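Here is a short briefing on a protein complex. The points are grouped by topic, beginning with the contacts between chains.

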Amino acid sequence: MDIQTWTYIIVGLSFTLYIGIALWSRAGSTKEFYVAGGGVSPLANGMATAADWMSAASFISMAGLISFMGYDGAVYLMGWTGGYVLLALMLAPYLRKFGKFTVPDFIGDRYYSNVARTVGIVCALIVSFTYVAGQMRGVGVVFARFLEVPVNTGVIIGMIIVFFYAVLGGMKGITYTQVAQYCVLIFAYMVPAIFISIQLTGEWLPQIGFGSELADGSGTYLLDKLDNLHKELGFSAYTMGTKSTLDMFAITLALMVGTAGLPHVIVRFFTVPNVRDARMSAGYALVLIAILYTTAPAIAAFARTNLIETVSNAEYSNVPSWFKNWESTGLISFTDKNADGKIQYVADASQNELTIDQDIIVLANPEIARLPNWVIALVAAGGLAAALSTAAGLLLVISTSISHDLIKKQIKPDISDKAELMWARIGAGLAVIVAGYFGINPPGFVAATVALAFGLAAASFFPAIVLGIFDKRMNKEGAIAGMVIGTLLMLFYMIKFKLQGFGGGTEEEWWFGISPEGFGSVAMLVNFVISVSISRFTPPPPAEVQAIVDTIREPGD
Amino acid sequence: MSTKEARHKYWQKNIFYLIILLTIWFICSFGFGVLWVDELNSIKIGGFKLGFWFAQQGSIYSFVIIIFIYVYLMNKLDNKYNTNQQDKK
């Protein structure tokens with residue numbers, strides 16, 4: 001069977017499964033809609049968290065990014081996993097103990113102020129919308145390449161599926177669909193990785209194969225070979241970095257703290273029965289995430305080696321069919337500058353004839369390695385699972401912010417549970433439509449906004465929540481000032497250096513040499529300093545709020 | 001939870017665990033993977049330079065281990081302070 005038939009079968013089966021789960025797990029109350037009734041087992045929640053967390057970016061783009069960045073790619077690997085340590089140790093158990101539905105709930109109650117709650121809602125909405133647009137786009141791209149439908153049709157199909165289970169099932173539907181999606185995506189990620197690892201090194205486990213000798217009998221280690229190939233072509237060695245140590249440090253920290261502060265990840269820990277399960281669940285989540293995250297750098301190195309060996313100095317008329325397939329999508333382009341009919345792929349931009357989009361690495365990897373067609377189809381289903389699961393988690397945050405944080409807590413406190421549930425469904429429906437709109441008409445700054453989402457989560461939520469738990473003296477004045485200034489500072493830096501607003505700026509003008517991606521760390525520190533200093537000059541929080549903090553710190557439920 | 005002192009002790013112990021574990025977290029990622037990466041790269045294990053390995057593999061394994069140690073320690077501490085959450089679902 002050809003790739004397309006296989007893709008229709010595998011993607012069709014996975015979608016049927018998701019819809020079946022959605023029908024089976026409809027939500028009957030707001031508690032089921034917001035936190036799946038609070039009765040999800042730690043392992044199921046760990047799987048759901050992993051699927052929620054691993055987005056189209058993790059599945060499709062990350063290995064490619066690392067492939068082109070070499071050592072520097074470690075910022076993503078450490079940044080997007082290390083945050084779970086912060087989450088498990090400093091946030092999840094206490095927030096579960098606090099026992100409400102949303103992040104703005106905590107901010108609003110702990111800082112006894114609807115202003116703080118509203119700041120929380122605004123941050124949650126900005127973070128979630130910037131993130132979700134990228135997911136819908138990812139769905140469209142996968143559809144376009146593998147099923148040969150237009151990107152926009154792909155986005156609409158994705159919208160319908162998500163609409164179905166997010167609106168019907170809320171958190172309950174999302175949780176159990178995410179469990180299924182985790183299984184699909186991890187299987188789809190590992191199968192090609194294992195095949196390629198065996199082909200290249202004879203070791204089946206990619207994490208080991210990555211550091212092993214090549215299977216061609218030369219006795220050379222894969223990574224040494226890759227370093228040498230890089231040197232020959234004028235690139236810096238694969239295992240050495242080009243970023244400054246300070247910038248590596250800042251980006252990694254911003255991504256870690258941003259991860260721990262993302263509302264759609266935090267709310268997952270409200271769905272387990274108790275504090276003990278919240279801790280355990282964070283552990284499961286990280287194990288399940290680590291399977292993909294330790295495989296990604298192996299795929300990156302394998303793909304880089306295969307790619308260079310296949311295309312470097314190859315006759316253009318002789319390139320394999322995958323090269324031509326991807327050339328037609330515009331993700332690979334070749335211009336024969338010196339007209340010798342061969343592909344020169346070198347570091348020197350004036351002589352380089354080949355440009356490759358990073359997303360190809362995962363999507364075309366099975367084709368480059370000549371794996372069977374069903375494996376290629378599986379990758380398409382995996383990419384869709386990753387994008388849909390993350391989109392659903394984000395949509396839930398958006399809908400809860402509207403129905404719970406805004407309507408129930410502020411506009412109409414006496415609303416009935418049934419009416420609130422209806423508002424939650426309307427919110428989810430509207431959010432799907434807005435997300436779909438951004439997926440079809442992507443704002444030109446999508447790449448910048450993903451970094452922005454992390455920076456904002458780091459600069460706004462993380463300090464407010466951590467101080468809310470660990471500093472009893474922290475009051476509303478300090479927290480609000482910290483969140484507002486941290487967020488504005490982050491926005492300013494991002495607009496100035498990414499979108500060239502406020503007079504723009506070049507790399508040389510970065511403050512302390514820190515890139516916009518890493519600036520979240522600085523904005524977070526500023527938030528911490530401002531919050532603590534202002535709180536010490538303003539009245540302490542009322543006794544009942546201090547009592548909340550005491551309760552959070554107690555052992556037990 | 002019975003007395004104020006017991007609560008205080010429980011919290012102090014929790015903070016103590018956090019400081020130790022977060023220090024290890026920092027050393028395994030920012031330390032071995034970023035700050036001392038060049039020094040560690042002079043050591044090779046199999047095909048891996050050690051600093052590179054920590055940045056792209058080892059740090060992630062250590063994160064997993066840290067969380068499970070924390071789970072173990074806190075469950076023990078919870079038991080010691082005599083709360084049985086499993087009964088109260």
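Four salt bridges cross the interface of chain A and chain B, by the rule applied here. The model is predicted. One of these chain-to-chain links can be named: B:Lys49 pairs with A:Asp227 in a salt bridge.

**Interface: polar links**
- The closest N and O atoms of B:Lys49 and A:Asp227 are 3.5 Å apart.
- Between chain A and chain B, 12 residue pairs are in polar contact, with both residues at pLDDT 80 or more.

**Interface: who contributes on chain A**

**Interface: extent**

**Nonpolar core**
- The largest nonpolar core has 218 residues.
- Within this core, A:Trp53, A:Phe59, A:Tyr293 and A:Ile465 touch the most other members.
- Helix α8 of chain A, residues 151-201, gives the most to this core: 21 residues.
- What surrounds A:Phe59, leaving aside its neighbours within four places in sequence? Its contacts include A:Leu185, A:Ala188 and A:Tyr189.
- Further contacts of A:Phe59 are A:Leu292, A:Val362, A:Val379, A:Gly382, A:Gly383 and A:Ala386.
- As background, nonpolar side chains tend to be buried together in soluble globular proteins.

**Positive phi outside glycine**
- A:Arg370 has a positive phi, near 55 degrees, and is not a glycine.
- A:Arg370 sits in the loop between α15 (360-368) and α16 (373-411) of chain A.
- Is A:Arg370 buried or exposed? A:Arg370 counts as exposed because its relative accessible area is 72%, and the cut-off for exposed is over 50%.
- A:Phe512 is another non-glycine residue with a positive phi, about 55 degrees.
- The loop that holds A:Phe512 runs between α20 (476-498) and α21 (519-536) of chain A.
- A:Phe512 has 61% relative accessibility, so A:Phe512 is classed as exposed too.

Conventions:
Residues numbered from 1 in each chain as written. Chains lettered and ligands numbered in written order. Predicted model: local features only at pLDDT ≥ 70, side-chain atom pairs only at ≥ 80, totals over all residues. Heavy atoms only, no water. Salt bridge = Lys/Arg side-chain N within 4 Å of Asp/Glu carboxyl O. Polar contact = N/O pair within 3.5 Å; in protein donor to acceptor, adjacent residues only side chain to side chain. Core = buried A, V, L, I, M, F, W, Y, C linked by side-chain atoms within 4.5 Å. Buried < 20%, exposed > 50% of the residue type's maximum accessible area, 1.4 Å probe, protein only. Helix = DSSP H or I, 4+ residues; strand = E, 2+ residues; numbered from the N terminus. Contact = heavy atoms within 4.5 Å.
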